[in-house]
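Here are my notes on this one, as numbered points.

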Amino acid sequence: MAWQIIAAAASQAAQSGLSALSGYISAKAQKAQYRADEKTALANRELAAKEADFNENVLRRAYAQEMADLAATLAERGITGDPATMAYTQAAREGQEEIFAYRTQMQNEMINYANQAKAARYNAKLAAVSGKLSVLSGFLGAGAQALQAFGGGNE
């Protein structure tokens, strides 16, 4: 009869150990996935930064060309003085606002990618802790089963 109790406890302890191992492996896989997500988010942030620089330069060149065209049009029409200055100032303001809006949008995108990377890094740390807790839980469960089999929990 005692061997049956011991065999049952050993079986339950083995199940607890397998469950812990499964949890540990799952946590390791999650950690690896979160690390990959972090790398992807950081790479996306870098690409967004390069794209922002390139497109902002394109906008600046287009804006400079528009300003040159405006100056030529104003001169061609003989518009000088305050009206020319006002038209030129208005065009300059609109161009700067457009560039600023684009830069702000891209900075928000880069911040979003940085936050994604930070969240993935944090989740990877949590997954590592989860794996360790799973192993600890398995050991505690196996130990509890062994104690119960030998009468430690029957008092």
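1. Helices here are DSSP runs of H or I with at least four residues, strands are runs of E with at least two, and both are numbered from the N terminus. On that basis I25 lies in helix α1. Before going further: this is a predicted model, where local features need pLDDT of at least 70, side-chain atom pairs count only at pLDDT 80 or more, and totals for chains, interfaces and linings use all residues. Residues are numbered from 1 along each chain as its sequence is written, and side-chain values use heavy atoms, with hydrogens and water left out.

2. Start with the salt bridges, meaning a side-chain nitrogen of Lys or Arg within 4 Å of a carboxyl oxygen of Asp or Glu. The structure has four of them.

3. E38 sits in helix α1. Take contact as heavy atoms within 4.5 Å: apart from neighbours within four places in sequence, E38 is in contact with A117, A120 and R121.

4. Two arginines pair with that glutamate. R35 forms a salt bridge with E38, the closest N and O atoms being 3.3 Å apart. Both R35 and E38 belong to helix α1 and are three residues apart, about one turn of the helix. R35 is partly exposed at 30% relative accessible area.

5. The other pairing is between R121 and E38, whose side chains meet in a salt bridge at 2.4 Å, N to O. Because R121 lies in helix α2 and E38 in helix α1, this pair ties together parts that are 83 residues apart in sequence. R121 counts as partly exposed, at 31% relative accessibility.

6. Further along helix α1 you'll find E56. R103 forms a salt bridge with E56, with the closest N and O atoms 3.1 Å apart. R103 lies in helix α2 and E56 in helix α1, so this pair links parts that are 47 residues apart in sequence. R103 is partly exposed at 28% relative accessibility, while E56 is buried at 13%. As for shared partners, salt bridges join R35, E38 and R121 into one network.

7. The E56 and R103 side chains are also joined by a polar contact of 3.1 Å. That term covers a pair of N or O atoms within 3.5 Å; within protein, one must be able to donate a hydrogen and the other to accept it, and residues adjacent in sequence count only if both atoms are side-chain atoms. Not counting residues up to four places away in sequence, E56 touches I99, Y102 and R103.

8. Which residues make up the largest nonpolar core? The six are A48, A52, Y102, M106, M110 and Y113. A core of this kind is a set of buried Ala, Val, Leu, Ile, Met, Phe, Trp, Tyr and Cys residues joined through side-chain atoms within 4.5 Å. Helices α1 (2-76) and α2 each supply at least two residues of this core, and α2 gives the most, with four. Leaving out residues up to four places away in sequence, A48 touches M106, E109, M110 and Y113.

9. S134 is found in helix α2 (residues 81-149) and counts as buried at 17% relative accessibility. A polar atom of the S134 side chain lies 3.1 Å from the backbone oxygen of A20. Beyond neighbours within four places in sequence, S134 is in contact with S19, A20, G23 and Y24.

10. Finally, the surface: L18, L21, Y24 and I25 make a nonpolar patch of about 380 Å². Patches are made of residues with over 30% relative accessible area and no salt bridge, with like charges joined within 9 Å and nonpolar side chains (Val, Leu, Ile, Met, Phe, Trp, Tyr) within 5 Å. The accessible areas come from the Shrake-Rupley method with a 1.4 Å probe, and for residues only the protein chains shown count as cover.

Definitions and conventions:
Buried means under 20% relative accessible area, exposed over 50%, partly exposed in between (1.4 Å probe, protein chains only).
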